[in-house]
Amino acid sequence: MRAPIATNNSALIAMIADEDTVTGFLMAGVGNVDLRRKTNYLIVDSKTTVKAIEDAFKEFTTREDIAIVLISQYVANMIRFLVDRYNKPVPAILEIPSKDHPYDPAQDSVLSRVKHLFSTESVASGRR
Amino acid sequence: MGLWLEPNSNGRTYCSSLSCNFRNLPQVQLRSRIVDTPISNRRTEMTMERQQREEEKKPQTSENDKDEKVVQFLDSLNDYLTLMDSLSSALRQGWLELASARHSMGSWRINSAILDHKFHSASTTLQLSSPDDSNYNMKQPHFTLRKWESCDDEDFQSKEVKLDEDEVQKNSDDVQVQKERSKTLLVFGALVSPKLRDAQLSFETALETLVDIANRRSVMLSAYDHVREEILGTKQ
């Protein structure tokens with residue numbers, strides 16, 4: 001029996017994505033900066049290291065005030081081993097497309113977990 | 001010397017020996033080996049038939065449950081993929097409008113460097129609840145989006161007082177939401193391109209879709225776990 005999920009009335013949405021995606025969602029009001037100037041987002045560009053992405057992912061998935069983590073799929077591919085190993089219900093990890101990298105169901109970690117019931121080919125082929 | 005009529009697992013009657021009291025068992029056909037003849041004792045036959053029917057019903061009921069779980073899983077999977085398509089469309093729209101706004105306002109006005117790094121709370125948050133699933137021991141989270149919530153407590157109190165005036169309250173809510181939206185765009189300057197406001201709305205739509213996706217994901221993973229348990233239970 002799994003541990004019960006703690007309820008939260010004002011949980012945050014964290015983001016690990018490119019500049020335009022993060023800017024867009026910040027315009028939608030999800031940006032949060034605490035007293036220690038810690039943000040709930042990480043902007044990934046060409047200079048961002050894999051270690052920085054890993055640290056941000058680990059931080060966002062262990063914070064109790066975050067309920068959903070949005071991560072661009074191409075960024076998730078850089079830390080695929082970490083994303084696939086993650087199996088907690090909260091925060092929910094959602095892989096989203098980016099401008100240059102459209103969403104690929106075959107790479108989605110959630111669909112990879114359920115692929116044993118059928119092949120990913122049958123999932124991806126009908127969606128292209 | 002008595003006659004044994006013992007139905008074995010195949011429902012056949014085995015005449016273990018012969019009896020000299022043939023009058024008491026007029027329907028028995030005396031043979032020395034296992035035969036598929038009608039069973040003399042009709043009660044025994046009826047009991048066996050009833051037992052067989054009950055055994056047939058049990059697999060059917062459990063099969064129906066399994067089918068229902070599989071259907072639930074496939075439905076949630078289909079919804080998940082459909083919502084991902086909608087999300088891609090909303091994001092594409094948002095990126096296009098953002099690029100258009102950047103083109104008209106200038107790239108120096110719309111970039112990550114001017115983002116607000118001072119202390120501020122998120123205006124759009126999530127309500128995380130855990131609806132109790134009485135059939136199973138696992139609980140799946142449920143996410144609800146709360147857009148543009150005012151941090152000012154006085155505004156909330158004033159909304160509660162005007163409960164009887166629905167239209168006035170609705171208008172005040174809309175005004176409040178518009179204020180919050182404009183306040184968020186102040187980072188980019190007092191006067192912003194209409195395309196930037198359109199981009200803001202597109203990303204709000206994308207956010208709503210993402211919350212739906214998160215809920216569908218929870219349902220899908222929960223249904224998958226149930227189906228997997230059924231499959232593992234069947235194999236054992």
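Predicted model: local features only at pLDDT ≥ 70, side-chain atom pairs only at ≥ 80, totals over all residues.

Visitor: How many salt bridges does the rule find across the interface of chain A and chain B?
Guide: The rule finds 1 there. Polar contacts between the two chains come to 14 residue pairs, both residues being at pLDDT 80 or more.

Visitor: And which elements of chain A give two or more residues to the side touching chain B?
Guide: They are β1, α1 (19-27), β2, β3, β4 (92-96) and α5 (109-113). Of these, α1(A) gives the most, with 8 residues. By type, that side of chain A has 34 nonpolar, 13 polar and 11 charged residues.

Visitor: What about the area buried between chain A and chain B?
Guide: That is about 5100 Å², and carbon and sulfur atoms give 69% of it. In residues, 58 of chain A are in contact with 62 of chain B.

Visitor: Switching to strand β1 of chain A: is it mostly covered or mostly open?
Guide: Mostly covered, as 8 of the 10 residues in 8-17 are buried.

Visitor: Which strands of chain A run parallel to β1(A)?
Guide: One is β3(A), residues 66-72, joined to β1(A) by 5 bridges, with A:I13 opposite A:I68. Another is β2(A), residues 41-43, with 3 bridges; there A:M15 has A:Y41 as its bridge partner.

Visitor: Which strand of chain B pairs with β1(A)?
Guide: Strand β3(B), residues 125-129, pairs with β1(A) in the antiparallel sense over 2 bridges. In that pairing, A:A11 stands opposite B:L126.

Technical notes. Residues numbered from 1 in each chain as written. Chains lettered and ligands numbered in written order. Heavy atoms only, no water. Buried < 20%, exposed > 50% of the residue type's maximum accessible area, 1.4 Å probe, protein only. Helix = DSSP H or I, 4+ residues; strand = E, 2+ residues; numbered from the N terminus. Pairing = 2+ DSSP bridges. Contact = heavy atoms within 4.5 Å. Buried area = accessible area lost by both parts, 1.4 Å probe. Salt bridge = Lys/Arg side-chain N within 4 Å of Asp/Glu carboxyl O. Polar contact = N/O pair within 3.5 Å; in protein donor to acceptor, adjacent residues only side chain to side chain. Nonpolar A, V, L, I, M, F, W, Y, C, P; charged D, E, K, R; others polar.
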